[in-house]
Amino acid sequence: MVEVNALKELRASLRPYTLLYVEDNVGLSNQAAVLFKKIFETVYVAYDGEEGLKLFNEHRPSIVITDITMPKMDGMAMADAIMKIDPDVKVIITTAHDNQDFLHQGIRVGVFDYLVKPIRIENLTETLSRCAHSLKEE
């Protein structure tokens with residue numbers, strides 16, 4: 001479990017940034033959104049890649065967390081489109097598939113990290129901390 005102070009530090013480091021979370025599983029999306037709203041001031045939620053890309057174009061968040069397998073447009077195609085619009089965006093792929101092909105495709109697209117579900121909160125917060133550090137450096 002993540003300590004309260006660590007969560008506060010993470011929130012402070014991510015305060016200037018916005019998040020787009022894209023997940024087609026409504027229950028998981030709702031649970032994750034509750035957590036993300038404790039960390040980020042602004043969280044946009046989409047349920048497929050098409051909707052995610054639309055929200056990205058409207059709001060230009062700094063960080064995108066997306067599932068891969070979704071209807072209409074998968075997360076990898078959405079990530080690729082987003083990276084072509086803004087290569088500085090930090091895209092984190094989440095998936096239940098521990099698949100080397102997806103991992104290599106993510107590397108080619110330029111994603112920031114690739115997390116396999118079920119995601120441990122410690123791994124997620126560590127990745128978000130690295131995002132904040134990378135964004136601050138840029």
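Predicted model: local features only at pLDDT ≥ 70, side-chain atom pairs only at ≥ 80, totals over all residues.

**Strand pairing and helix packing**

L20 has Y44 in strand 2 as its bridge partner, and Y21 is likewise bridged to V45 of strand 2. These pairs belong to the parallel pairing of strand 1 (residues 18-22) with strand 2 (residues 42-46), which extends over 5 bridges.

- The open sheet is formed by 5 strands, which pair in the parallel sense and follow the order 2-1-3-4-5.
- Strand 2 and strand 5 (113-116) are the edge strands, each of them pairing on one side only.
- From one strand to the next, the twist averages 15 degrees.

Helices on the sheet

- Helix 2 packs on the sheet, where it touches strand 1, strand 2 and strand 3 (63-67), and its direction makes about 170 degrees with that of strand 1.
- Helix 4 (residues 75-85) also packs on the sheet, touching strand 1, strand 3 and strand 4 (90-95), with its direction at about 175 degrees to that of strand 4.

Helix 2 and helix 6

- The axes of helix 2 and helix 6 (residues 121-137) come within 13 Å and cross at roughly 40 degrees, which means that helix 2 is oblique to helix 6.
- The crossing of these two helices is right-handed.
- In their contact, L35, F36 and I39 of helix 2 meet I121, L124 and L128 of helix 6, and by class this contact has 6 nonpolar residues, with no polar and no charged ones.

Methods
Residues numbered from 1 in each chain as written. Heavy atoms only, no water. Pairing = 2+ DSSP bridges. Helix = DSSP H or I, 4+ residues; strand = E, 2+ residues; numbered from the N terminus. Axes fitted to C-alpha atoms, helices over the stretch in contact; angles between N-to-C directions. Parallel < 35°, antiparallel > 145°, perpendicular 65-115°, else oblique. Left-handed = near helix turned anticlockwise from the far one by under 90°. Contact = heavy atoms within 4.5 Å. Nonpolar A, V, L, I, M, F, W, Y, C, P; charged D, E, K, R; others polar.
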